[in-house]
Amino acid sequence: MSATGLQTIALCKNFGALKVSNNIDFRLQAGARHALIGPNGAGKTTFVNLVTGVLRPSSGQLLLDGDDITALPQAQRVKRGLVRTFQITALFRKLCVLENVVLAISERDGIGGDFLRPAGWHRAAIEEAYDILEVMGLAEDALRPITELAYGRQRMVEIALALALKPSVLLLDEPAAGVPESESVTIIEAIERLPERIAVLFIEHDMELVFRVAQRITVLVQGAVLVEGTPAEIAADPRVREVYLGEGRH
Amino acid sequence: MSHLTPSADRRAADIAAFSRRHRFHWFEALPWLIAVAAYFMFPNYLALGSQILAIILFALSVDLVLGYAGIVTLGHAAFFGVGAYTAGILAANGWGEPISGLLAAAVAAACIGLASGWIILRTTGLTLLMQTLVVAAMLYELANKAYRFTGGADGLQGMSVWPIFGTFRFDMFGNTAYFYCLVVLFFGWLVVRNTVNSSFGRSLTGIRENVGRMHAIGAPVAQRRLVVYALSAALAGIAGALTAQTAQFVGLNVLNLERSGTILVMLIIGGIGRLYGAFIGVPLYMIAQDRFAEADPTYWYFWIGLAMVFIVVFLRGGIFGVVERLLARSRKQ
């Protein structure tokens with residue numbers, strides 16, 4: 001049994017009597033490209049919140065590279081390479097793009113608590129941040145505040161921030177949500193270009209993106225795993241068609 | 001991706017501009033030049049001047065938590081008061097050495113900041129606001145009841161502050177007090193300036209802008225907030241000690257709600273989160289208060305209130321905010 005990657009064992013989350021996550025057994029192999037889909041209210045974002053430590057599970061277990069991380073706080077999980085992006089863009093809006101990424105790198109390298117030296121002296125962190133902006137095609141906006149960027153560009157900064165943390169497991173919560181089609185191509189390409197060593201789990205409603213990028217797909221319905229398989233298997237599965245056709249295609 | 005990558009020149013220029021933001025600008029010398037000029041121009045107002053300088057330091061400490069870390073507080077007088085009483089009680093009981101008095105005040109205020117912050121900083125927003133208020137109110141009552149040490153409502157009498165470094169006596173014209181406050185403010189300002197420009201300070205701005213994201217990039221948010229709260233408390237304590245030592249008296253008013261409130265008003269007038277708002281708002285408010293109180297002793301608060309309404313409605317971001325916008329506009333043209 002391979003011990004790398006992310007695994008959940010019988011993960012449950014109840015809000016009162018409501019079972020938002022119901023016995024989820026899930027495994028994300030190292031280097032995987034895995035999509036999590038399901039109708040609205042299926043508990044996809046709750047699942048991400050459980051995995052990243054924003055929420056505590058009611059029961060069940062979380063393993064990262066074979067180690068139990070169920071009790072670890074959010075910041076500790078990030079330090080171990082478990083990183084997320086947000087469905088609704090969550091950036092430091094008044095700060096410039098470069099500063100956003102520098103903040104992430106500073107925390108990763110443990111210089112975020114340095115209150116003696118000016119931030120500008122940590123040259124290596126700034127250079128590395130700029131490298132990431134160049135890879136993501138964001139360098140021309142380096143010194144512009146987030147508020148001045150188009151929404152599609154802001155989604156790219158979301159991914160840049162996550163990349164800056166050198167994740168081994170990356171959770172993308174609807175990376176292309178709210179982005180006009182003309183710009184979503186750039187985001188899809190950015191996801192395809194992510195380094196292979198990173199295991200990527202993405203939640204997405206955009207089926208084009210899902211079937212283009214994912215090697216495996218898990219379908220979540222009412223908090224429980226309905227089925228998991230390759231894109232071809234999922235596309236052919238009658239239960240999946242029922243869920244989506246029954247509710248009207250997203 | 002090479003077609004999207006700007007030239008190496010652009011990269012070098014961007015990085016240079018970004019990493020030089022902490023350097024000193026010529027305009028940062030202005031407040032200090034004005035302060036020295038004021039000493040020669042208004043020799044009869046040195047007592048007011050010393051008060052203004054001490055309160056600027058207090059405002060800086062509030063700006064650090066409120067403007068940078070986004071911690072709302074309506075109880076910062078707690079730390080100002082603890083500092084004032086620490087220096088005052090020391091000087092009234094046979095230890096009048098001023099510099100060590102300041103340090104003792106800083107340590108005492110920082111300890112109160114750590115202890116109270118450890119409890120109340122688990123909350124945010126209005127809840128936190130209420131709790132800061134409660135901490136200050138509790139200390140106020142404590143000082144009121146412990147009259148044996150504090151003099152209670154009569155105030156702390158009999159302070160004897162020794163000459164600075166054993167040479168510079170506090171004279172009755174306030175010459176020494178003025179420069180003492182100016183030098184201490186200068187060092188306090190250096191500390192605050194260095195802090196907000198450090199990686200730690202930048203992470204505070206991150207916490208203010210988006211706490212959820214700071215958690216998501218792995219920052220120990222609670223620890224950072226506590227550290228800056230204690231640092232701010234220490235600075236507020238020094239400001240309180242300065243007031244006590246220069247006035248040679250400590251009254252209960254160092255701890256009251258009005259002090260916590262007016263310091264916010266002064267900071268809002270000048271501009272929050274800008275480091276220089278304190279240098280504009282505090283003198284403006286205190287000089288206006290002095291003038292209004294002389295011209296209209298009964299209703300001077302009304303005029304302050306009217307000015308506040310005007311500032312909130314027309315001068316968004318305080319006076320410094322307006323200056324920034326004007327500068328930005330002239331740069332564009």
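Two residues are in contact here if their C-beta atoms, placed from the backbone, lie within 7 Å. Helices (H or I, at least four residues) and strands (E, at least two) are DSSP runs, numbered from the N terminus. This is a predicted model, in which local features need pLDDT of at least 70 and side-chain atom pairs count only at pLDDT 80 or more, while totals for chains, interfaces and linings use all residues. Residues are numbered from 1 along each chain as its sequence is written, and chains are lettered from A and ligands numbered from 1 in the order in which they are written.

View 1. Helix H9 (residues 199-209) of chain B is mostly covered, with 10 of its 11 residues buried (20 or more other C-beta atoms within 10 Å of a residue's own; 12 or fewer make it exposed, and anything in between partly exposed). Among the buried residues are Phe200(B), Arg202(B), Leu204(B), Ile207(B) and Glu209(B). Look across the chain boundary too: the buried residues of H9(B) pack against H3 of chain A. Within chain B they pack against helix H3 (46-68), helix H8 (175-197), helix H10 (211-216) and H11.

**View 2. Helix H11 of chain B, end to end.** Helix H11 (residues 221-247) of chain B has 27 residues and reaches 39 Å from its first C-alpha to its last. That is close to the 39 Å expected at 1.5 Å a residue, where the expected span is 1.5 Å times one less than the number of residues. Since 23 of its 27 residues are buried, H11(B) is largely enclosed by the rest of the structure. Just after the helix, Gln248(B) takes a positive phi of about 55°.

**View 3. Where chain A meets chain B.** The contact takes 41 residues from chain A and 33 residues from chain B. On the chain A side, the elements that give two or more residues are helix H2 (74-79), helix H3 (97-108) and helix H4 (123-135). By class, this side of chain A has 22 nonpolar, seven polar and 12 charged residues. For this tally, Ala, Val, Leu, Ile, Met, Phe, Trp, Tyr, Cys and Pro count as nonpolar, Asp, Glu, Lys and Arg as charged, and the others, Gly among them, as polar.

**View 4. Leu133(A) in the nonpolar core.** The largest nonpolar core has 171 residues; such a core is a set of buried Ala, Val, Leu, Ile, Met, Phe, Trp, Tyr and Cys residues joined through C-beta atoms within 7 Å. Those with the most contacts inside it are Val101(A), Leu133(A) and Ala160(A). Not counting residues up to four places away in sequence, Leu133(A) touches Val97(A), Leu98(A), Val101(A), Leu138(A), Ala139(A), Ala142(A) and Ala160(A).

**View 5. Cys96(A) in its loop.** Cys96(A) is found in the loop between S6 and H3 of chain A. With 18 C-beta neighbours inside 10 Å, this cysteine counts as partly exposed. Leaving aside residues up to four places away in sequence, Cys96(A) touches Ala142(A), Leu143(A), Arg144(A) and Pro145(A). The C-alpha atoms of Cys96(A) and Leu149(A) are separated by 10.0 Å, with the two residues 53 apart along the chain.

**View 6. The six-stranded open sheet of chain A.** Six strands form an open sheet in the order S6-S7-S8-S3-S9-S10 (chain A), with mixed pairing (two strands pair if DSSP finds at least two bridges between them). The edge strands are S6 (82-84) and S10 (224-229) of chain A, each pairing on one side only. Neighbouring strands are turned by 20° against each other on average, direction ignored. Axes are lines fitted to C-alpha atoms, for helices over the stretch in contact, and angles run from 0 to 180 degrees between N-to-C directions. Helix H1 (residues 44-52) of chain A lies across S3, S6, S7, S8 and S9 of chain A, running at about 150° to S7(A).

**View 7. Strand S7 of chain A and its partners.** Five of the five residues of S7(A) are buried, so this strand is largely enclosed by the rest of the structure. Val169(A), Leu171(A) and Asp173(A) point one way, and Leu170(A) and Leu172(A) the other way. Three bridges join S6(A) to S7(A) in parallel, and Leu82(A) has Val169(A) as its bridge partner. Five bridges join S7(A) to S8(A), also parallel, with Leu172(A) opposite Phe202(A).
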